[in-house]
Amino acid sequence: MEIGLIGLGKMGGNMAERLRLGGHKVVGFDFNKDTTAKLTAAGSVGVNSLEDLVKNLQTPRAIWIMVPAGDPVDETIAKLKPSMQPGDIFIDGGNSNYKDSIRRHEELAKEGFAFVDVGTSGGVWGLKEGYSMMIGGDEDVVEKLRPIFETLAPEKDKGWGRTGPSGAGHFVKMVHNGIEYGMMQAFAEGFAIFEAKKELQLNNAQIAEIWQYGSVVRSWLLDLTAAALKANPELNGIAPYVPDSGEGRWTVFEAIDLNVSAPVITESLIRRIRSREDNNLTDRMLSVMRNAFGGHAMKKE
């Protein structure tokens with residue numbers, strides 16, 4: 001099957017290679033011409049414009065978009081539409097807000113286009129391990145794309161599926177990432193407790209490796225953590241600054257709107273935000289208040 005791919009960063013480039021190895025024709029575009037040239041050198045077709053991407057695909061076309069969420073997705077679709085025909089399929093494989101995906105599906109359907117939202121997990125490991133894909137869209141359109149999903153997934157019948165109508169794929173991926181926040185926070189706090197218990201001389205890297213086998217907390221996340229600790233046990237050179245890409249926030253907002261208690265995900269998001277605060281005002285205010293009402297000593301800088 002032919003597939004157009006827009007966005008050839010680390011994840012997009014790996015997806016293109018996995019598709020090529022699976023026997024699919026891949027036509028790729030990226031604003032970085034060196035990246036596009038690498039795609040061609042690897043055996044796929046790299047092009048230097050969206051118009052050329054469309055021209056190199058037979059109808060009905062399927063174009064997978066891997067660009068940042070928000071306006072870049074709408075702008076990419078707007079630039080593609082004049083060259084495309086009714087029946088062509090737009091696939092958003094990025095981390096878009098599910099509400100935007102529902103809107104895009106409705107707008108494109110009025111013009112005869114199909115739209116599928118694919119929450120994609122696997123990151124830089126997807127080429128080797130395969131991608132987990134949570135898919136939202138019309139059943140018949142998803143079925144047409146089955147060969148693509150079967151190739152990208154860890155196995156033909158595992159790691160992917162249609163989770164519901166338009167928006168469902170990105171909604172499930174949003175919550176998936178919220179859960180990921182909580183799991184990461186729990187591991188981080190546990191290893192911090194080990195590090196603080198100096199008298200027992202605990203080794204975080206060793207503990208992580210022990211947990212990898214037989215433990216109820218064993219997971220791919222733990223495997224990656226164990227490898228990171230083995231390579232850099234003291235975490236030298238790593239700043240205590242943790243960004244977030246949006247999905248955790250959206251998960252918390254949805255939980256509030258739905259009256260669902262989600263304290264672990266919420267607190268893990270708040271901890272990430274707090275990690276970015278220089279000269280933290282909250283903690284300084286707490287110190288001032290303790291001194292004011294109880295005469296407790298304040299640590300000076």
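Predicted model: local features only at pLDDT ≥ 70, side-chain atom pairs only at ≥ 80, totals over all residues.
**View 1. An open sheet of eight strands is the subject here.** Reading across the sheet, the strand order is β3-β2-β1-β4-β5-β6-β7-β8, and the pairing is mixed. At the edges stand β3 (45-47) and β8 (160-164); each has a single partner strand, so one side of each is left without a neighbour in the sheet. From one strand to the next, the twist averages 25°.

**View 2. Here we zoom in on β1 and β4, which pair in the parallel sense.** Strand β1 covers residues 2-6 and strand β4 covers residues 62-65, with three bridges between them. To find your bearings, look for G4, whose bridge partner in β4 is I63. Helix α4 (residues 71-80) packs on the sheet, where it touches β1, β4, β5 (89-92) and β6 (114-121). The direction of α4 makes about 155° with that of β4.

**View 3. Now follow α9 to its contact with helix α12 (residues 247-257).** The axes of these two helices come within 8 Å and cross at roughly 105°, which means α9 is roughly perpendicular to α12. On the α9 side you will find F171, M174, V175, N177, G178 and Y181, and these meet E247, G248, W250, T251 and E254 of α12. Sorted by class, this contact has five nonpolar, four polar and two charged residues.

Notes:
Residues numbered from 1 in each chain as written. Heavy atoms only, no water. Pairing = 2+ DSSP bridges. Helix = DSSP H or I, 4+ residues; strand = E, 2+ residues; numbered from the N terminus. Axes fitted to C-alpha atoms, helices over the stretch in contact; angles between N-to-C directions. Contact = heavy atoms within 4.5 Å. Parallel < 35°, antiparallel > 145°, perpendicular 65-115°, else oblique. Nonpolar A, V, L, I, M, F, W, Y, C, P; charged D, E, K, R; others polar.
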